[in-house]
Amino acid sequence: MQLPTVDYKAPDAAAHFVESLRNTGFGVLKNHPIPQSLVESIYKNWQDFFNSEQKHDFLFSKETQDGYFPPSVSEVAKGFTIKDIKEYFHVYPKGRVPAQLEADVREYYRLANEFAATLLSWVQAEAPADVRAKFSIDLKDMIADSEQTLLRILHYPPMTGDEEPGAIRAAAHGDINLLTVLPASNEPGLQVQKTDGGWLDVPCDFGSLIINIGDMLQEASGGYFPSTIHRVINPTGKASSKSRISLPLFLHPRPDVVLSERYTADSYLQERLRELGVK
């Protein structure tokens with residue numbers, strides 16, 4: 001079984017894309033409008049940044065959650081005790097970005113955010129009427145002018161052989177937000193969990209865009225759209241000497257958006273950040 005790849009330009013793209021989301025929690029798109037040259041430039045230039053000492057000048061702020069997160073403070077996935085093998089940089093609309101990297105990353109953020117609004121419109125249009133009725137406002141309007149949407153530039157360093165036993169690049173987890181938009185990484189490793197507990201490799205064809213459902217959309221849809229568990233496994237053989245760069249954009253509603261009778265976007269986010277130990 002493989003995740004189906006949907007042609008963004010096909011007339012029935014919305015239906016097939018949302019069907020894939022509903023069945024697997026993931027959708028894969030080709031012929032999308034995010035320029036590959038922009039993504040490749042970001043991969044190259046941020047690899048240089050992570051290889052440099054400059055990253056320590058941008059150490060993250062606990063208050064704003066922007067900046068550089070070193071491996072020593074890397075996330076521990078919910079339900080796990082071992083840190084993931086990764087470092088990353090958080091970019092928010094008003095957050096810090098190294099000057100030499102800012103133009104590309106701001107342009108990518110803008111394009112991916114605009115594209116994501118289209119995808120959220122697809123999700124809403126293809127949902128059954130009783131599910132649509134649960135949304136407090138249109139899904140695309142939940143992220144309009146949101147300063148919470150997060151671009152994370154992830155660096156998974158080469159394997160050294162000295163990793164903590166049981167540690168992997170990203171332990172099995174679900175995302176907190178509505179949707180996550182991710183250009184295919186420069187190296188494989190992303191897997192999605194099937195309903196039988198097995199794992200599917202997510203395509204890493206360089207022109208593909210990978211979208212997955214987060215917990216907030218699951219909450220807002222009353223469980224109709226499932227937030228799927230996924231992970232990034234450690235490479236083996238020659239691949240273990242390579243870095244992996246990944247560019248997930250986590251679509252977060254404005255804090256006041258009502259997700260359900262139980263949660264606003266802000267109350268849901270704060271609860272999850274406390275569980276992750278980053279608050």
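These are my notebook entries on a predicted model.

**Entry: Arg106**

I started with Arg106 and looked up its place in the fold. Arg106 lies in helix H3, which covers residues 102-126. The cut-off for buried is under 20%.

Next I listed its contacts, leaving aside neighbours within four places in sequence. Arg106 is in contact with Val91, Tyr92, Pro93, Gly95 and Val97. I also checked Phe26, 80 residues away along the chain. The C-alpha atoms of Arg106 and Phe26 are separated by 25 Å.

**Entry: nonpolar cores**

I then turned to the cores. The largest nonpolar core has 63 residues. Among those with the most contacts inside it are Phe17, Trp46, Tyr108 and Leu179. Which element gives this core its largest share? H3 does, with eleven residues. I noted a second, separate core of 16 residues, including Phe26, Phe69, Tyr88 and Leu154.

I went back to Leu179 for its contacts, not counting residues up to four places away in sequence. Leu179 touches Leu21, Leu119, Leu120, Ile211 and Leu217, among others.

**Entry: the sheet**

Last, I traced an open sheet. Four antiparallel strands form it in the order E6-E11-E8-E9. Neighbouring strands are turned by 20° against each other on average, direction ignored.

I looked at one pair more fully. E6 pairs with E11 (residues 230-232) in the antiparallel sense over two bridges. His173 stands opposite His230 in E11.

Conventions. Residues numbered from 1 in each chain as written. Predicted model: local features only at pLDDT ≥ 70, side-chain atom pairs only at ≥ 80, totals over all residues. Heavy atoms only, no water. Contact = heavy atoms within 4.5 Å. Core = buried A, V, L, I, M, F, W, Y, C linked by side-chain atoms within 4.5 Å. Buried < 20%, exposed > 50% of the residue type's maximum accessible area, 1.4 Å probe, protein only. Pairing = 2+ DSSP bridges. Axes fitted to C-alpha atoms, helices over the stretch in contact; angles between N-to-C directions.
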